[in-house]
Amino acid sequence: MAHVVGGFVVPHNPVMYFNPDGPDPQQKETVQAAYRTISDRIGELDATSALIIGCDHYILFGPTCLPRYVISTGDLEGPIDQLPGLKRGPIKANGPLGTHISEHGFANGFDYAVGRAMTVDHSIAVPHQLLLEPHPQISTVALMLACGVDPYLPLARAWELGQQIRRAIDAFDQDERVVVIGSGGISHWVGDENMGRVNPDFDAMILDALNNGDVDRLLGLSDEEITEQAGNGAMEIRTFLCAMGVCGAAGGSTVAYEAIPEWVTGMGLAELEVSGRA
């Protein structure tokens, strides 16, 4: 039987690649060390598969086709938006697990769009490179949520989707040890006059909610409140809520946090506890 054995949230910030030496060296090292710590932790958990929950940035489907959520059920490759040091290429995929999650969803009120051969963007490829490439035995399922542009996936639906995924994984009849990775930045303003602004107070609130399993605190946020306090990029906390749903909102611990204007983002990395961990 399959089990969820670990959960994490991490940024997928492309500016790290374009401007690697922009931040204070200590901040840069803190973030890089946190990625290494989480990668090592995934190795300790003896994971065989990973579900990376990312977001469409208007890149994959263009401005006219906006699926609420799409899951990979076959081959994976990317990123379509190549970065310095992160070139487009194949990603080892777990099609059977993605297919099972989608079919479980169809039977239980979750209408997935499916990617039978899917190209991903940096929201999947960055955590894959930094966390999973040291573990070539791990295969990946990619889930993309509508959190880049309006209409956004409702926060409550992201949470419910995570709960459905957990039920699906628990019912999967293959021997898999699955880690879930919520991929997104906290406060960041993208493409407007506030770009480069970071709100550490908002970021601390989000990490506190994660660490205490306080789903209601996150579900109580409105999109207007998120945008005003943390920018349009903070809509990506939907990936955190979905990961919390998979893990059972059992709490967690911050691995590292740095507010880095040079990288235009509040960079928070955390491990999530998993309820009923195998």
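Reader: Which residue in β9 is the bridge partner of Thr 254?

Author: The bridge partner of Thr 254 in β9 is Ala 270. This is a predicted model, in which local features need pLDDT of at least 70 and side-chain atom pairs count only at pLDDT 80 or more, while totals for chains, interfaces and linings use all residues. Residues are numbered from 1 along each chain as its sequence is written, and side-chain values use heavy atoms, with hydrogens and water left out.

Reader: What makes β8 and β9 a pair of strands?

Author: Strands are DSSP runs of E with at least two residues, helices are runs of H or I with at least four, and both are numbered from the N terminus. Two strands pair if DSSP finds at least two bridges between them; β8 (residues 252-260) and β9 (residues 265-272) have eight bridges in the antiparallel sense, so they count as paired. They form a hairpin with four residues between them, and Val 264 in the turn has a positive phi of about 55 degrees.

Reader: Why is the crossing of α3 and α5 described by an angle of roughly 115 degrees?

Author: Axes are lines fitted to C-alpha atoms, for helices over the stretch in contact, and angles run from 0 to 180 degrees between N-to-C directions. The axes of α3 (residues 95-106) and α5 (residues 155-170) come within 9 Å and cross at roughly 115 degrees.

Reader: How do you know which residues of α3 and α5 are in contact?

Author: Contact means heavy atoms within 4.5 Å, and by that rule His 100, Ile 101, His 104 and Gly 105 in α3 meet Gln 164, Ile 165, Arg 167, Ala 168 and Ile 169 in α5. By class, this contact has four nonpolar, four polar and one charged residues, where Ala, Val, Leu, Ile, Met, Phe, Trp, Tyr, Cys and Pro count as nonpolar, Asp, Glu, Lys and Arg as charged, and the others, Gly among them, as polar.

Reader: What makes one space a cavity and another a pocket?

Author: On a 1 Å grid over the protein atoms alone, a cavity is a set of points where a 1.4 Å probe fits but cannot get out, whereas a pocket is an open set with protein on both sides within 12 Å along at least five of seven lines; lining residues have an atom within 4 Å of a point. Grid points are joined across faces, edges and corners, and a volume is the space filled by probe spheres set on the points. The whole structure has one cavity of 30 Å³ or more, and about 80 Å³ of space lies in the largest cavity. Its lining includes His 57, Tyr 58, Asp 150 and Pro 151.
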